[in-house]
Amino acid sequence: MQRYSALKLAGLALRGNHGWQPAWRDAEPKSTYDVLVIGGGGHGLATAYYLARKHGVRNVAVLERGAIGLGNSGRNTQVVRSNYFYPASCAFYDHSLKLYEGLSSELNFNVMLSQRGVLNLAHSEHDLEMQRRWCNAIRMSAVDSEMLSPAEIQKLVPPLSFRGRHPILGGFIQRRAGICRHDAVVWGYARAASALGVDIIQNCEVLGFQIEGDRLHGVRTNRGTISANRAVMSVAGYSSQLAGLAGLPLQITTMALQAMVTEPIKPVLDTMVISSLVHAYVSQSDRGEIVIGGGADAYNSYAQRGGLPLQRSVIGAVVELFPSFSRLRLMRQWAGRVDITPDTSPIMGLTPIEGLFINCGWGTGGFKAIPAGGDTMADTVATGKPHPLIAGFDMKRFQTGALIDEGAAAGVAH
Amino acid sequence: MLRIPCPYCGVRDESEFTFGGPAHVTRPLPESDDATWTSYLFARRNPAGVHLERWSHAFGCGVWFNIARDTCTHDILKVYATGEPTPPEFGNRG
């Protein structure tokens with residue numbers, strides 16, 4: 001692997017930028033691997049990377065149906081935060097945020113993490129009460145969180161209007177939270193995994209599993225049969241279909257979550273602002289675009305496009321919060337397929353089939369979980385036991401009733 | 001924007017309707033085992049293709065009805081009354 005540095009950049013620039021090598025190897029499938037990771041998104045690539053780096057399992061292939069990072073890993077709004085409600089979630093997502101904090105140097109790839117703070121607004125006394133409780137719950141889990149007064153919010157976010165339909169009575173902020181360049185995360189993990197010997201195989205769709213008794217032996221793909229005793233399903237937006245091929249019913253509803261960006265403008269907003277009441281969240285990217293997101297469309301969808309009514313309500317809410325954005329033109333609008341579980345917490349860990357592991361159900365917040373998802377799944381695959389941080393996210397919780405209901409902390413209505 | 005044909009009011013915009021989740025989900029008997037209850041409460045077919053689902057014309061006549069809709073193209077293939085059996089052309093897809 002070619003190491004990236006300022007010196008390297010300057011050196012190759014002086015030689016006309018001719019010496020750059022591809023960041024990762026586009027591999028051909030072999031007939032046998034120790035572990036197959038199905039899905040070349042952030043979670044899949046991170047799982048392969050940690051398997052190779054922390055557990056020495058290097059005979060690993062990542063099978064991607066299309067091209068890496070073109071699903072939800074490239075369609076999210078780049079938010080990283082760990083201000084959930086329950087201890088199990090806070091511990092997991094904070095592990096993820098800590099890994100994000102060291103990711104650029106670990107991967108030798110600038111993931112452009114910007115810990116600019118994520119601010120949740122309270123619009124009523126009841127909102128404020130709930131946020132105080134939420135903020136305290138987060139602090140009890142040893143995650144940073146603090147309440148802000150309207151004056152502090154006004155100072156932090158000058159373009160925010162306090163004269164909208166819903167008054168702003170306060171809010172809480174996680175200052176370590178922020179945004180992170182999503183394509184860089186995908187490419188950074190792909191490059192680092194590839195350098196450790198992981199095969200990244202694109203245009204390779206899994207068509208079926210080879211299961212004898214209750215044991216996995218391999219997968220059938222459009223590029224031939226590949227043998228492996230262990231496989232991880234990590235295919236957000238297609239989890240029900242893939243698990244269905246293995247005969248596993250899932251507790252998932254797939255919906256469209258849309259996002260949009262305006263034309264780029266000069267820096268105006270250096271905080272990520274969320275309002276759960278009006279269902280909108282806003283940040284400004286490094287390119288200057290105002291990035292806008294909101295609730296998921298109400299019905300099942302695999303179409304990867306969002307509906308107009310929801311787009312209208314989200315934009316209406318944003319313009320109410322930031323009247324100065326009303327004259328901006330929208331440049332792009334898109335949607336990702338999000339796998340919503342009944343308690344909006346992920347489904348991770350072992351399945352009833354020996355050797356087959358699952359990592360899905362991230363709903364509207366999978367991006368922030370990429371490093372921890374990869375780290376804990378790699379550990380689970382290597383040891384055959386659920387990593388302690390994900391033990392509570394086992395699919396058995398739907399039978400035992402031990403749900404981890406993060407519907408409110410998900411930050412997005414669905 | 002979905003354009004949904006209400007059986008009474010005709011074709012209207014999606015924003016007049018409320019989505020009610022999958023149709024043809026039958027509540028198990030109280031003495032059923034845990035696996036049956038788990039499946040009833042939480043498991044979803046979640047097809048990438050024809051989905052049989054319930055809708056209500058909430059901001060119109062208020063009636064509940066079923067539709068068959070393709071979740072990939074959003075095409076509405078059939079509208080039928082609540083309580084009618086699964087349309088044979090969509091097989092066992094409840």
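Me: Where in chain A is Gln78(A) found?

Reply: Gln78(A) sits in the loop between strand S2 (60-63) and strand S3 (79-80) of chain A. Helices here are DSSP runs of H or I with at least four residues and strands are runs of E with at least two, numbered from the N terminus. Residues are numbered from 1 along each chain as its sequence is written, while chains are lettered from A and ligands numbered from 1 in the order in which they are written. This is a predicted model, where local features need pLDDT of at least 70 and side-chain atom pairs count only at pLDDT 80 or more, but totals for chains, interfaces and linings use all residues.

Me: Why is Gln78(A) called buried?

Reply: A residue is buried if 20 or more other C-beta atoms, placed from the backbone, lie within 10 Å of its own, exposed if 12 or fewer, and partly exposed in between. Gln78(A) has 23 C-beta neighbours inside 10 Å, so it counts as buried. Its phi is also positive, about 70 degrees, although Gln78(A) is not a glycine.

Me: Is Ala142(A) buried or exposed, and why?

Reply: Ala142(A) has 10 C-beta neighbours inside 10 Å, and therefore counts as exposed. This residue lies in the loop between helix H5 (125-140) and strand S5 (146-148) of chain A, and its phi is positive too, near 65 degrees.

Me: What makes S3(B) and S4(B) a pair?

Reply: Two strands pair if DSSP finds at least two bridges between them. S3(B) and S4(B) are joined by 3 bridges and run antiparallel, with Thr18(B) standing opposite Ser56(B) in S4(B). Both strands belong to an open sheet of 4 strands in chain B, ordered S3-S4-S5-S6 with antiparallel pairing.

Me: What makes strand S3 (18-22) and strand S6 (76-81) of chain B edge strands?

Reply: Each of these two strands pairs on one side only.

Me: How many residues of chain B are in contact with chain A?

Reply: Contact is called when C-beta atoms, placed from the backbone, lie within 7 Å. By that rule, 19 residues of chain B are in contact with 19 residues of chain A. H1(B) gives the most to that side of chain B, with 3 residues.

Key:
Two residues are in contact if their C-beta atoms, placed from the backbone, lie within 7 Å.
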